[in-house]
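Colleague: I would like to learn how to read this model feature by feature, with the general idea first and the particular case after it. Could we begin with the strands and work outwards from there?

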Amino acid sequence: MKTALLIVDMQVIFTSMTSRCLPNVLTLSAHFQHHSLPRIFTQHGHTKEELTPPYKNQLVKKWGPSGSIAKDSPDWELMPDITKIAADNDCPIIHKNTYDAFINTNLAEVLKEREIQRVVVCGVMTDCCCDTTARSAFNRGFETWLVDDACGTASEKQHETGLNGFGYAFGEVLQTEEVLKRLQ
């Protein structure tokens with residue numbers, strides 16, 4: 001089954017949430033690269049127009065402009081380790097402005113062009129963008145795995161809540177080592 005790794009929102013603003021997951025994200029990325037499997041990155045951010053009243057974007061309405069990530073700001077940038085692997089290998093970066101990486105983007109087309117049937121999701125935040133995007137992939141017909149130890153969020157409770165909801169009704173929640181074994 002043709003599989004892609006989807007690395008979600010590993011951006012500077014979320015660095016504090018990645019101490020546990022970053023090594024596993026890098027391990028998964030290296031495995032996918034070694035086996036010539038696609039890696040796709042997402043990057044969350046809002047334009048100046050979206051951050052200016054009246055707010056049309058629901059996330060900006062919820063979090064306010066100061067709680068939202070401004071596109072092209074230092075916080076919006078991908079983390080240095082992630083920038084390196086994305087740039088060195090000419091991997092697609094999907095720019096998004098909501099939790100679901102399929103909405104208002106070409107992610108579905110990118111996956112279809114590569115004839116992907118399974119998506120392995122990792123990154124941040126487990127209970128927001130990772131979970132929402134993974135559910136959306138499932139709903140679009142992709143077998144979807146969410147990688148527990150390659151996802152991070154603001155608290156362990158939020159992390160477990162996101163994983164439990166996804167695992168109950170949408171797809172498998174796996175550890176990095178299990179993903180590597182299954183892909184051999």
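**Reading the sheet, its helix and its pocket**

Modeller: Thr 3 stands opposite Arg 118 in E4. This is a predicted model, in which local features need pLDDT of at least 70 and side-chain atom pairs count only at pLDDT 80 or more, while totals for chains, interfaces and linings use all residues. Residues are numbered from 1 along each chain as its sequence is written, and side-chain values use heavy atoms, with hydrogens and water left out.

Colleague: What makes two strands a pair, and in what order do the six strands of the open sheet lie?

Modeller: In general, strands of a sheet pair through backbone hydrogen bonds, either parallel or antiparallel. Helices (H or I, at least four residues) and strands (E, at least two) are taken here as DSSP runs, numbered from the N terminus, and two strands pair if DSSP finds at least two bridges between them. In this model the open sheet has six strands in the order E3-E2-E1-E4-E5-E6, with parallel pairing. Strand E3 (93-96) and strand E6 (172-174) stand at the edges, each with a single partner strand, so one side of each is left without a neighbour in the sheet. From one strand to the next the twist averages 25°, where axes are lines fitted to C-alpha atoms, for helices over the stretch in contact, and angles run from 0 to 180 degrees between N-to-C directions.

Colleague: How many bridges join E1 to E4, and how many join E4 to E5?

Modeller: Six bridges join E1 to E4, and six join E4 to E5. Gly 123 in E4 is the bridge partner of Val 8, and Val 120 stands opposite Trp 145 in E5.

Colleague: Are the residues of E1 and E4 buried or exposed?

Modeller: Buried means under 20% relative accessible area, exposed over 50%, and partly exposed in between, with a 1.4 Å probe and protein chains only. Six of the six residues of E1 are buried, so E1 is largely enclosed by the rest of the structure. One side of E1 carries Thr 3, Leu 5 and Ile 7, and the other Ala 4, Leu 6 and Val 8, both faces being covered. In E4, seven of the seven residues are buried, with Arg 118, Val 120, Cys 122 and Val 124 on one side and Val 119, Val 121 and Gly 123 on the other.

Colleague: Which strands does H5 touch where it packs on the sheet?

Modeller: Contact means heavy atoms within 4.5 Å. H5 touches strand E1 (3-8), strand E2 (39-44), E3, strand E4 (118-124) and E5, and its direction makes about 170° with that of E5. After H5 comes Gly 141, whose phi is positive, near 95°.

Colleague: For contrast, how should I read Met 1?

Modeller: Met 1 lies in the segment before E1 and counts as exposed, at 53% relative accessibility. Beyond its neighbours within four places in sequence, Met 1 is in contact with Gln 117, Arg 118 and Glu 143.

Colleague: What lines the largest pocket?

Modeller: On a 1 Å grid over the protein atoms alone, a pocket is an open set of points with protein on both sides within 12 Å along at least five of seven lines, and lining residues have an atom within 4 Å of a point. The largest pocket is lined by 15 residues, of which Phe 14, Trp 63, Gly 67, Tyr 99 and Met 125 lie nearest its centre. Helix H2 (58-63) and helix H5 (126-139) each supply at least two residues of this lining.

How values were computed. 1 Å grid on protein atoms, 1.4 Å probe; cavity = no way out; pocket = protein on both sides within 12 Å on 5 of 7 lines; lining within 4 Å.
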